[in-house]
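Here's a quick tour of the model. Keep the viewer open as you read.

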Amino acid sequence: MAPFAQMCLTCTVHVVHIFLMMISDWMQAQGLKDAQAAELFGCERSHFSKVRRGKVRPGTDLCLKVNEVTGIPLHELRPDIYPEPQAA
């Protein structure tokens, strides 16, 4: 695999891993199962399950809804597309 392709794959895996850790911790604290969380986040259980298993990356719509429901900052959910806010 070319170095750039390997780097992109590593970034993708890292992004999904960050999202999974954040969501898993929040779900555990709330005592929620996948189906319950999917309903709160307004997505199909099957899609949410794929995200939780790392099969697909969480899209912007899901990140926005997760942020709205959990309060987890967007830059922590998907640092690849939501940069950390800079101090003024």
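## The big picture

Of the 88 residues in this protein, 30% count as buried (buried is under 20% relative accessible area, exposed over 50%, partly exposed in between, with a 1.4 Å probe and protein chains only). This is a predicted model, where local features need pLDDT of at least 70, side-chain atom pairs count only at pLDDT 80 or more, and totals for chains, interfaces and linings use all residues. Residues are numbered from 1 along each chain as its sequence is written, and side-chain values use heavy atoms, leaving out hydrogens and water.

The protein has 5 helices and 0 strands, so defined as DSSP runs numbered from the N terminus (helices are H or I, at least four residues; strands are E, at least two). Going along the sequence, that reads α-α-α-α-α. Take contacts (heavy atoms within 4.5 Å) between residues at least 6 apart in sequence: 43% of them join residues at least 24 apart.

## The core

The largest nonpolar core has 17 residues, and Phe 19, Ile 23, Phe 41, Phe 48, Leu 62, Val 66 and Leu 77 touch the most other members.

Look at Ile 23: setting aside neighbours within four places in sequence, Ile 23 contacts Phe 41, Phe 48, Arg 52 and Val 66.

## Helix 2 against helix 3

The axes of helix 2 and helix 3 come within 9 Å and cross at roughly 110° (axes are lines fitted to C-alpha atoms, for helices over the stretch in contact, and angles run from 0 to 180 degrees between N-to-C directions). That makes helix 2 roughly perpendicular to helix 3 (65 to 115 degrees; under 35 is roughly parallel, over 145 roughly antiparallel, the rest oblique).

On the helix 2 side, the contact uses Asp 34, Ala 35, Ala 37, Ala 38 and Phe 41, while helix 3 brings Arg 45, Phe 48, Ser 49 and Arg 52.

Ile 18 sits in helix 1 and counts as buried, because its relative accessibility is 15%. What does Ile 18 touch, not counting residues up to four places away in sequence? Glu 76, Leu 77 and Pro 79. The C-alpha atoms of Ile 18 and Arg 78 are separated by 7.6 Å, though the two residues are 60 apart along the chain.

Conventions: A nonpolar core is a set of buried Ala, Val, Leu, Ile, Met, Phe, Trp, Tyr and Cys residues joined through side-chain atoms within 4.5 Å.
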